[in-house]
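Subject: Structure handover

Hello,

Here is the structure I promised to pass on. Please open it and keep it beside this email while you read.

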Amino acid sequence: MRALIQRVARAKVEVDQQCIGEIDQGLLVFIGVEKGDRAEDADRLLKKLLAYRVFADADDKMNLSVTDINGGLLLVSQFTLAANTQKGLRPSFSSAAPPAEGEALYNYFVEQARNLHPVVATGRFGADMKVELLNDGPVTFLLET
């Protein structure tokens, strides 16, 4: 499992020109599910995500997590994160989980996040989404299990 996280001042996701998820300060999280990923991987990634220190403390050091600042999470499924880009000029998606498995694990991740964190918004799995964000920094990291 992979999560591309971006520290944002605000972010939202639209489907069919309707806002379906929106946060103020927090993390925009693009989630990619690969073949063989399991609930244990999702749990480990979520634990890391909630504790990852990317927000500034009083000394302007990255010492605070999204949990520490009570920030929002905007969780968006991103099939293309599972792409293999090592060879050629076209990505290969052979390592991506099949859609049904990917959706089930994404939904599990969202459910667990909602159990552990007060502000969780989402995109829609498999939809054509438009994501708008104001990256704060910019600060972007790739977390992997």
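First, the ground rules. This is a predicted model, where local features need pLDDT of at least 70 and side-chain atom pairs count only at pLDDT 80 or more, while totals for chains, interfaces and linings use all residues. Residues are numbered from 1 along each chain as its sequence is written, and side-chain values use heavy atoms, with hydrogens and water left out. Helices (H or I, at least four residues) and strands (E, at least two) are DSSP runs, numbered from the N terminus.

**The helix pair**

Two packed helices are described by the angle between their axes and the distance between the axes. Look at helix H1 (residues 39-51) and helix H2 (residues 99-116). Their axes come within 10 Å and cross at roughly 40°. Axes here are lines fitted to C-alpha atoms, for helices over the stretch in contact, and angles run from 0 to 180 degrees between N-to-C directions. H1 and H2 are therefore oblique to each other. The cut-offs: under 35 degrees is roughly parallel, over 145 roughly antiparallel, 65 to 115 roughly perpendicular, and the rest oblique.

The crossing of H1 with H2 is right-handed. That term applies if the near helix is turned clockwise from the far one by less than a right angle; anticlockwise is left-handed.

Which residues of H1 and H2 make the contact? On H1 they are Ala39, Ala42, Asp43, Leu45, Leu46, Leu49 and Leu50. On H2 they are Leu105, Tyr108, Phe109, Gln112, Ala113 and Leu116. Contact means heavy atoms within 4.5 Å. By class, this contact has 11 nonpolar, one polar and one charged residues. Ala, Val, Leu, Ile, Met, Phe, Trp, Tyr, Cys and Pro count as nonpolar, Asp, Glu, Lys and Arg as charged, and the others, Gly among them, as polar.

**Salt bridges**

Side chains of opposite charge can pair when their charged atoms come close. How many salt bridges does the structure hold? There are eight. Each is a side-chain nitrogen of Lys or Arg within 4 Å of a carboxyl oxygen of Asp or Glu.

Start with Arg2 and Glu34, whose side chains meet in a salt bridge (3.7 Å, N to O). Arg2 lies in strand S1 and Glu34 in the loop between S3 and H1, so this pair ties together parts 32 residues apart in sequence. Glu34 is buried, at 17% relative accessibility. Buried means under 20% relative accessible area, exposed over 50%, and partly exposed in between (1.4 Å probe, protein chains only). Arg2, at 21%, is partly exposed. Leaving aside neighbours within four places in sequence, Glu34 is in contact with Met1, Arg2, Ala82, Ser95, Ala96 and Ala97.

Arg2 also pairs with Glu144, with the closest N and O atoms 3.1 Å apart. Glu144 is in strand S8 and Arg2 in strand S1, so the pair ties together parts 142 residues apart in sequence. Glu144 is partly exposed, at 42%.

Next, Arg7 forms a salt bridge with Asp136, at 3.6 Å between the closest N and O atoms. Arg7 is in strand S1 and Asp136 in strand S8, 129 residues apart. Arg7 is buried at 11%, whereas Asp136 is partly exposed at 31%. Salt bridges that share partners join Arg38, Glu40, Asp41 and Arg44 into one network.

**A residue in S5**

Asn63 is in strand S5. Its relative accessible area is 32%, so Asn63 is partly exposed. The C-alpha atoms of Asn63 and Arg53 are separated by 5.0 Å, although the two are 10 residues apart along the chain. Beyond its neighbours within four places in sequence, Asn63 contacts Arg53, Phe55, Asp57 and Asp68.

**Backbone details**

Most residues other than glycine have a negative phi, and most peptide bonds are trans. Now check these places.

- Gln17 has a positive phi, near 65°. It sits in the loop between strand S1 (2-15) and strand S2 (18-23). At 76%, Gln17 is exposed.
- Asn70 has a positive phi of about 55°. It sits in the loop between strand S5 (62-65) and strand S6 (72-77). At 49%, Asn70 is partly exposed.
- Gly137 and Pro138 are joined by a cis peptide bond, with omega about 0°. Pro138 is in strand S8 (residues 129-144).

Best wishes
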